Amino acid sequence: MTAPLPVEHEHQSSRAAAHQRPRIGVVKFASCDGCQLTLLDLEDELLAIAEKVDVVEFAEATSRRSGGPFDVLFVEGSISAPEQVEEITRLRAVTKVLVTIGACATAGGIQAIRNWFDHEEIRHAVYPEPRYVESLAMSRPVADFVAVDAELRGCPISPAQLREFLIALVTGRRPQLPDEAVCLECKRRGVVCVAVARGIPCLGPVTKTGCGAICPAYGRGCYGCFGPRESANTASLAAWLSDGRNASDVSRLFTGFTAWSEPFRKIIDAHGGPPRSVPAPTETPDA
Amino acid sequence: MSATSRFLPRADLDRFFTALAADGRRVIGPTVVDGSIVHDELSSFAELPNGWTADTAPGSYRLRATGLDRAFDYNVGVTSWKRFTHPPIIPLTRGRREGGHVVVEPVEAESPRLAFVGVRACELAALRIQDRAMRAGPLGDADHIARGDAALVVAVECATAAGTCFCTSMGTGPEVEDGADIVLSELDDGFVVRIGTDAGADVVDRLDLRPAAPVESERAATQVAAVRAAIGDPVPTDGLPTRLRAALDHPRWAEVAERCLACANCTLVCPTCFCTSVAVASDLDGVEGTTERTWDSCFSLGFGRVAGDANFRPKVRDRYRQWLTHKFSTWWDQFGSSGCVGCGRCIAWCPVGIDVREELKAIAPPGAPSGPIPWPLSPAEGRAPAALAAVAPASHVTATVQGVHFETADTASLQLSTDDPALLAALPGQFVMVELPGFAIPPISVSRILPDGLNLTIRSVGPSTAVLTGLTNGAQVSLRGPLGRGWPIEAAVGRDVVIVAGGIGLAPLRPLIDAIVADRPRFGAVRLYLGARTPRDRLFVAEMNALAGRTDLEVSEIVDRAGPEWLGKVGIVTQLFDHAPWDGTRATAFMCGPERMMTATASTLEHRGVTADNTWLTLERNMACGVGTCGHCQLGPFFVCRDGPVFSLAELGSAFGREGL
């Protein structure tokens with residue numbers, strides 16, 4: 001029998017209270033950890049949230065470990081290696097509410113661009129010794145493998161949406177996570193449409209809101225990191241953007257963090273796949 | 001007021017700014033930001049877009065230098081003035097819920113003293129049109145009214161025509177006729193100034209201007225006449241409202257949906273679109289809760305959603321049709337004018353260049369209407385805008401739970417006590433908005449009217465209704481209401497009465513039953529037909545049994561699915577009366593239930609001879625404001641919250657049961 005951690009011995013009363021609080025876990029698969037860090041970025045509320053929930057697994061924040069069960073499990077990262085398939089299946093079985101967070105977990109991530117390429121070719125392009133690396137031919141969203149109860153989009157996720165989700169969780173109401181276009185956020189903020197006023201290609205009309213329209217507010221087009229919204233009419237937007245652009249340029253606009261999401265993927269497929277202008281491996285002169 | 005025009009030399013423009021500021025006003029006007037002409041607060045008229053114009057086309061807006069020393073040679077700014085009269089986000093309420101005690105207080109409406117400079121004829125019309133919409137209904141929108149009333153409007157007559165302008169067709173411009181406090185016409189060397197109101201005269205009189213010379217006034221008139229000629233008449237509007245409503249099934253709706261991104265840009269740049277949603281926020285403890293009103297759009301999927309995740313406009317085709325028909329057709333029924341002013345913003349700011357002028361020509365071309373008229377109202381005989389009620393509904397009144405009775409496993413009746421006179425004057429068929437700080441605010445029908453309170457019967461279908469059905473004695477809720485139009489009981493006096501209820505639909509019918517039973521001799525035969533999913537889903541069982549025991553009422557029940565304990569009838573509710581031996585022509589019918597049940601009931605009642613104007617029903621929609629100002633509950637020409645929720649079949653016409661409306 002493993003001895004409990006000393007810190008828990010010292011807090012018997014809070015441990016007892018912890019049984020009433022939802023058991024929360026945060027785990028990751030193929031990803032950069034940025035979405036997990038958004039949790040830690042909720043500095044003002046972090047302590048208050050920590051009192052309302054029992055964080056039993058969160059490698060970025062605590063040395064506590066738990067194999068479950070979880071009332072709520074936040075899952076970051078795409079499923080990209082064989083052992084990850086087993087692990088997500090196991091986690092699902094011990095989790096009540098499974099929440100995917102970020103573009104990798106919800107859409108496959110930037111790494112899903114490899115899904116269009118030859119697996120071996122990519123492995124050799126990235127790793128000097130690919131035989132030490134086990135990977136799947138595709139990087140895929142968690143929902144391709146197990147049922148997902150809720151998702152927080154973005155690269156990284158929005159602190160405001162995470163806060164809303166957590167507050168709704170502890171107060172027992174439905175989180176308000178709109179599925180509308182980024183355009184509504186632009187217009188509410190008074191950001192002038194970069195597409196119409198400056199001809200900058202923008203995925204805002206087909207992308208789910210939540211970021212607060214950061215990119216258009218800085219004069220850039222939206223590159224879709226929150227992924228497709230409901231009724232995302234990517235075909236119409238792509239047709240409009242095709243005016244004066246070749247197929248590869250149109251495809252490039254959709255080949256980003258959520259390229260593998262179905263509405264974006266079908267545009268990429270219809271325009272000859274991701275642009276092929278991947279920089280060639282750097283030539284190292286033979287010694 | 002002075003009928004004479006004055007002349008403001010260009011060099012004196014700053015004095016005009018100073019006069020506006022001296023009137024205690026912040027000056028909002030056009031200025032160049034990020035390659036566009038937007039309306040923003042100005043610190044001087046040096047910030048006006050001097051020497052700039054904007055070329056607009058479907059899906060395109062480009063600033064262009066004119067090389068001229070003129071400030072208003074563009075048409076409309078990117079942003080409409082609704083940003084200031086109907087801001088994108090305003091706080092609505094602040095609430096607290098602690099130990100069961102609930103207090104919700106409305107946030108006071110703001111009315112900053114602003115001067116709007118550069119308002120075009122079309123925009124002036126838009127301010128008027130949106131204002132009319134926001135003053136309609138039992139309460140209106142207090143914040144909008146306060147802001148609009150506080151603003152001073154300095155209009156400018158257009159001297160150029162953009163490629164997207166069509167004010168001439170909509171009858172709103174380019175000439176500024178009335179409605180502005182001050183009207184400017186820009187000439188090369190200065191401005192012809194006309195005074196529209198006393199407030200405008202107060203400002204202009206401080207400038208001590210000379211009268212405009214006849215040649216200057218003439219030049220101003222020639223200039224705007226040239227604009228009118230340049231625009232022409234791109235959208236023939238004769239009969240347009242009727243032509244559009246007769247084209248609800250036009251194939252073009254599906255075609256435009258192929259191009260439409262449903263991104264909502266057209267509605268948000270539109271100067272008259274007023275639809276909003278309520279966003280709820282709370283603290284971690286669930287004690288403090290706030291609500292905000294935010295711009296929303298009929299193009300967003302969530303806008304058509306109702307409890308239980310059903311959606312009235314799932315398809316983009318339905319959403320585009322809702323927007324276009326509202327703007328050009330049903331707006332007439334609701335507010336007595338077109339909802340479009342021809343500013344062309346929806347054309348320029350559509351990211352894929354959909355041109356409303358072209359869509360109108362394709363869907364509702366000039367000439368005879370293409371199909372049947374789906375509902376009886378027409379612009380000529382449209383309803384007058386609803387007047388403000390003599391007794392306003394209660395706003396955020398705290399009521400206390402005096403009793404909780406579980407009718408079924410998931411449905412509870414809350415007995416609420418209140419001494420608020422408006423709430424106690426509730427009529428059968430009316431509803432209230434029930435607020436607990438931090439939770440979404442559901443509309444709930446009144447299920448019994450008591451001398452000292454109300455009963456609400458609530459089915460738990462989501463978090464808000466779950467927490468409401470979980471309340472115990474002594475807990476409080478905040479109520480707005482009573483809202484909407486109730487059952488027209490008087491219409492049934494002296495006639496037979498048929499009441500058909502499906503499931504929770506019995507709740508809004510119960511006060512009607514109470515009223516009829518209390519006044520039983522005034523009615524002919526009274527028949528109740530009650531349907532439920534299973535025997536366990538029957539509501540008010542003891543009461544209905546008691547009614548069934550009376551000799552002056554007939555009560556029949558049926559369930560969709562029965563267990564072994566059920567000895568009654570099994571099937572759908574219409575089976576109870578499709579062959580019953582009564583004469584429908586003598587009957588007034590009242591019904592409520594799931595929409596599909598009501599469609600079937602309506603058709604059976606029609607077969608039984610009950611006429612459409614004697615068949616009354618109550619509709620479920622996504623009611624957010626409850627008073628007709630948020631736009632959520634629109635059904636064709638109706639706001640269900642304000643014009644209903646009780647309607648006759650004759651009023652609804654084929655809007656009843658039509659997919660996607």
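This is a predicted model: local features need pLDDT of at least 70, side-chain atom pairs count only at pLDDT 80 or more; totals for chains, interfaces and linings use all residues.

Q: At what angle do helix 9 and helix 11 of chain B pack, and how far apart are their axes?

A: Two packed helices are described by the angle between their axes and the distance between the axes. In chain B, helix 9, which spans residues 252–259, packs against helix 11, residues 316–335, at an angle of about 105°, and the two axes are 8 Å apart. Since angles of 65 to 115 degrees count as roughly perpendicular, helix 9 of chain B is therefore roughly perpendicular to helix 11 of chain B. The residues that meet are Trp253(B), Ala254(B), Val256(B) and Ala257(B) from helix 9 of chain B, and Val316(B), Arg317(B), Tyr320(B) and Arg321(B) from helix 11 of chain B. Sorted by class, this contact holds six nonpolar and two charged residues, with no polar residue.

Elsewhere in chain B, the domain assignment gives domain 1 (6–89 + 106–231), domain 2 (394–483) and domain 3 (492–618). The centres of domain 1 and domain 2 of chain B, taken over C-alpha atoms, are separated by 47 Å. Chain B also contains an open sheet of seven strands, in the order 26-25-24-23-27-28-31, with mixed pairing. Strand 26 (569–570) and strand 31 (646–648) of chain B stand at the edges of this sheet with a single partner strand each, so one side of each has no neighbour in the sheet. Within the sheet, strand 23 (residues 496–502) and strand 24 (residues 526–532) of chain B pair in the parallel sense over six bridges, and Val497(B) has Val526(B), in strand 24 of chain B, as its bridge partner.

Of the 287 residues in chain A, 46% are buried, and among its contacts with a separation of 6 or more, 71% join residues 24 or more positions apart. Strand 1 (residues 23–28) and strand 2 of chain A run parallel and are joined by four bridges, with Arg23(A) standing opposite Asp54(A) in strand 2 of chain A. Strand 2 of chain A, residues 54–58, is mostly covered, as four of its five residues are buried.

Chain A is assigned domain 1 (15–171) and domain 2 (182–270), and the C-alpha centres of these two domains of chain A lie 25 Å apart. In the contact between them, 14 residues of domain 1 of chain A touch 13 residues of domain 2 of chain A. Helix 6 (residues 102–107) of chain A gives the most to the domain 1 side of that contact, with three residues. By class, the domain 1 side in chain A has six nonpolar, seven polar and one charged residue.

Key: Residues are numbered from 1 along each chain as its sequence is written. Chains are lettered from A and ligands numbered from 1 in the order in which they are written. Axes are lines fitted to C-alpha atoms, for helices over the stretch in contact, and angles run from 0 to 180 degrees between N-to-C directions. Helices (H or I, at least four residues) and strands (E, at least two) are DSSP runs, numbered from the N terminus. Angles under 35 degrees count as roughly parallel, over 145 as roughly antiparallel, 65 to 115 as roughly perpendicular and the rest as oblique. Two residues are in contact if their C-beta atoms, placed from the backbone, lie within 7 Å. Ala, Val, Leu, Ile, Met, Phe, Trp, Tyr, Cys and Pro count as nonpolar, Asp, Glu, Lys and Arg as charged, and the others, Gly among them, as polar. Two strands pair if DSSP finds at least two bridges between them. A residue is buried if 20 or more other C-beta atoms lie within 10 Å of its own, exposed if 12 or fewer, and partly exposed in between; C-beta atoms are placed from the backbone. Domain bounds come from an automatic or database domain assignment.
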